[in-house]
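User: Hi! Could you walk me through this structure? I'd like to go piece by piece.

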Amino acid sequence: MVVQYHPDTDMLYIKLADGVSTESEKVAPGMVLDFDEGNRVIGIEIEDASTLIDLSRLEVVALPIANLILSERIPAKV
């Protein structure tokens, strides 16, 4: 799973699985699910993320993480 924030568009994307999105569905205001050809959800797009989510904090609880990779830290707006 990969979580990416794009500050220029204020969009948060959660990539759940590798694959090519063949269909997208808006499931709530500002929330889009991406599906692969097998109709599996492979990604979640959250528009206007900074107005909906506290992006300054990430908590991971009880996940069996084998590799934790942190890259390109963008300082939080305080």
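**Loops, strands and surface**

Analyst: Happy to! Let's begin with N39, which sits in the loop between β4 and β5 (41–46). Keep in mind that this is a predicted model.

User: What is the phi of N39?

Analyst: N39 has a positive phi of about 65°, although this residue is not a glycine.

User: And is N39 buried or exposed?

Analyst: N39 is exposed, because its relative accessible area is 55% and exposed means over 50%.

User: What else is in that loop? I'm curious about D36.

Analyst: D36 also belongs to the loop between β4 and β5. Its side chain reaches the backbone nitrogen of G38 at 2.9 Å. The side chain of D36 also meets that of R40 in a salt bridge, 2.9 Å from N to O.

User: How many salt bridges does the structure hold?

Analyst: The structure holds 2 salt bridges. One of them joins the side chains of K15 and D18, at 3.2 Å from N to O. K15 is partly exposed, with a relative accessible area of 31%, while D18 is exposed, with 63%.

User: Nice. Switching to the strands: in what order do they sit in the sheet?

Analyst: The 5 strands form an open sheet, in the order β1-β2-β5-β4-β3, and the pairing is antiparallel. The edge strands are β1 (2–6) and β3 (23–28), and each of these pairs on one side only. On average, neighbouring strands of this sheet are turned by 20° against each other, direction ignored.

User: Let's go across it, then. How do β1 and β2 pair?

Analyst: β1 and β2 pair in the antiparallel sense, over 5 bridges. In that pairing V3 stands opposite I14 in β2. The two strands form a hairpin with 4 residues between them.

User: Which residue in that turn has a positive phi?

Analyst: That's D10 in the turn, with a positive phi of about 55°. D10 lies in the loop between β1 and β2, and the side chain of D10 makes a polar contact with the side chain of Y5 at 2.6 Å.

User: Is D10 buried or exposed?

Analyst: D10 is buried, because its relative accessible area is 14% and buried means under 20%.

User: How about β2 itself, how many of its residues are buried?

Analyst: Strand β2 (residues 11–15) has 4 of its 5 residues buried, so this strand is largely enclosed by the rest of the structure.

User: And how many bridges join β2 to β5?

Analyst: 4 bridges join β2 to β5, and these strands run antiparallel. As an example, the bridge partner of L12 in β5 is I46.

User: Last topic, the surface. Which residues form the nonpolar patch?

Analyst: The nonpolar patch on the surface is formed by M1, V3, L16, V41, L58, V60, L63, I65, L68 and L70. Together they have about 1,000 Å² of accessible area.

User: Where is V41 placed?

Analyst: V41 is in strand β5. V41 is partly exposed, with a relative accessible area of 33%. Another patch member, V3, is the residue you met opposite I14 in β2.

User: Great, thanks for the tour!

Key: Residues numbered from 1 in each chain as written. Predicted model: local features only at pLDDT ≥ 70, side-chain atom pairs only at ≥ 80, totals over all residues. Heavy atoms only, no water. Pairing = 2+ DSSP bridges. Axes fitted to C-alpha atoms, helices over the stretch in contact; angles between N-to-C directions. Buried < 20%, exposed > 50% of the residue type's maximum accessible area, 1.4 Å probe, protein only. Patch = residues over 30% accessible without salt bridge, like charges linked within 9 Å, V, L, I, M, F, W, Y side chains within 5 Å. Areas by Shrake-Rupley, 256 points an atom, 1.4 Å probe, with all protein chains shown as cover. Salt bridge = Lys/Arg side-chain N within 4 Å of Asp/Glu carboxyl O. Polar contact = N/O pair within 3.5 Å; in protein donor to acceptor, adjacent residues only side chain to side chain.
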